[in-house]
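Please read this briefing alongside the sequence and the structure.

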Amino acid sequence: EVKILIFSNKKIELPYTEPFQVSGENDYRFPSSLRPQVGEIYQIPELVLSNVKRTEKGCNFKIRVPYRMRGFEIQFKFTGPGNVRLYSSRYEDATHSNYAIPLTEIKCGDPGHGEKKNPGISPNPAIRYFSAPMPQGGECYLRLEFENEFSDFELWAAGYEAPSREKTHCDKPLPLFEKDLPYQHPYGFPLSRKLQWEEAAQ
C-alpha cells in the first residue's frame with residue numbers, strides 16, 4: 001500500500017469522506033461494500049474474524065468476508081518445528097465435513113552483501129511464515145492445527161476489496177491532481193484484519 005502525504009497551508013476539501021478511486025474522466029468508485037448492488041441478505045459490510053477459540057493443537061475461528069474481494073489470503077507466522085494444517089468448513093469449529101486448504105510456506109531469502117554486514121536487521125530464521133488462498137467472499141469456519149508446540153503466533157486476513165461497479169461523476173478534477181492522478185491499485189482497496197489471539201478463549 002502506498003500513501004501520499006501532502007503538506008500545505010491551504011485547506012483541501014476532498015469530494016468524499018469515504019475511500020475512493022478516481023479515473024481520468026473524474027468518475028469516482030468506492031469499495032463494493034459501500035455501494036452494494038445485491039439484496040441486503042447477501043451483503044457482508046465488513047471483514048470480521050470472530051468466535052476465536054484456542055485448542056490443544058492450535059485455534060478455531062470464524063471468518064466473514066465481503067463479496068468481491070480480490071487476492072484474499074490468510075497469512076500467519078509462528079515459531080516451532082513440524083507440520084501445520086488449515087481446515088475449512090461451513091460448520092462451527094470446522095471439525096465436521098471439512099477440507100484442507102493448501103498452505104504455502106514463505107522462505108526467507110539469502111541475505112545480500114549489505115545485510116550480512118548488518119545482522120541485526122536480518123529476519124529471524126526460527127520464525128516461519130505461511131499463506132493460504134481463501135474464497136473471495138462469504139462465511140466459513142477455519143481450524144488451524146500445529147503438529148508440535150508453537151509460539152510467537154500471529155495471523156492476518158488480507159486482500160483487496162474491488163471497486164463498486166457503479167460510478168459517480170464529478171465535474172471538477174480531484175484537488176491537487178488536476179494534471180496527473182496518483183497510482184491506484186488495480187485490485188481495489190486494501191483490507192486486512194488481525195486475529196485477536198491474545199484475547200481468545202481457551
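The notes below take up the salt bridges and then the surface patch.

This is a predicted model, in which local features need pLDDT of at least 70 and side-chain atom pairs count only at pLDDT 80 or more, while totals for chains, interfaces and linings use all residues. Residues are numbered from 1 along each chain as its sequence is written, and side-chain values use heavy atoms, with hydrogens and water left out.

**Salt bridges around K53**
- The structure holds ten salt bridges, a salt bridge being a side-chain nitrogen of Lys or Arg within 4 Å of a carboxyl oxygen of Asp or Glu.
- K53, E92 and D93 are linked in a network of such bridges.
- E92 meets K53 at 3.3 Å, N to O, and this pair joins the loop between β6 (84-89) and β7 (99-100) to strand β3 (residues 48-54), 39 residues apart.
- D93 pairs with K53 as well, with the closest N and O atoms 3.5 Å apart.
- E92 counts as partly exposed because its relative accessibility is 43%, buried meaning under 20%, exposed over 50% and partly exposed in between (1.4 Å probe, protein chains only).

**The E105 and R128 pair**
- E105 and R128 form a salt bridge of 3.1 Å, N to O, which links strand β8 (residues 104-106) with strand β9 (residues 127-133), 23 residues apart.
- R128 counts as buried because its relative accessibility is 18%, whereas E105, at 28%, counts as partly exposed.

**Nonpolar patch**
- I4, I6, I12, L14 and L176 make a nonpolar surface patch of about 440 Å², patches being made of residues with over 30% relative accessible area and no salt bridge, with like charges joined within 9 Å and nonpolar side chains (Val, Leu, Ile, Met, Phe, Trp, Tyr) within 5 Å.
- L176 counts as partly exposed at 43% relative accessibility.

Terms used: Accessible areas come from the Shrake-Rupley method with a 1.4 Å probe; for residues, only the protein chains shown count as cover. Helices (H or I, at least four residues) and strands (E, at least two) are DSSP runs, numbered from the N terminus.
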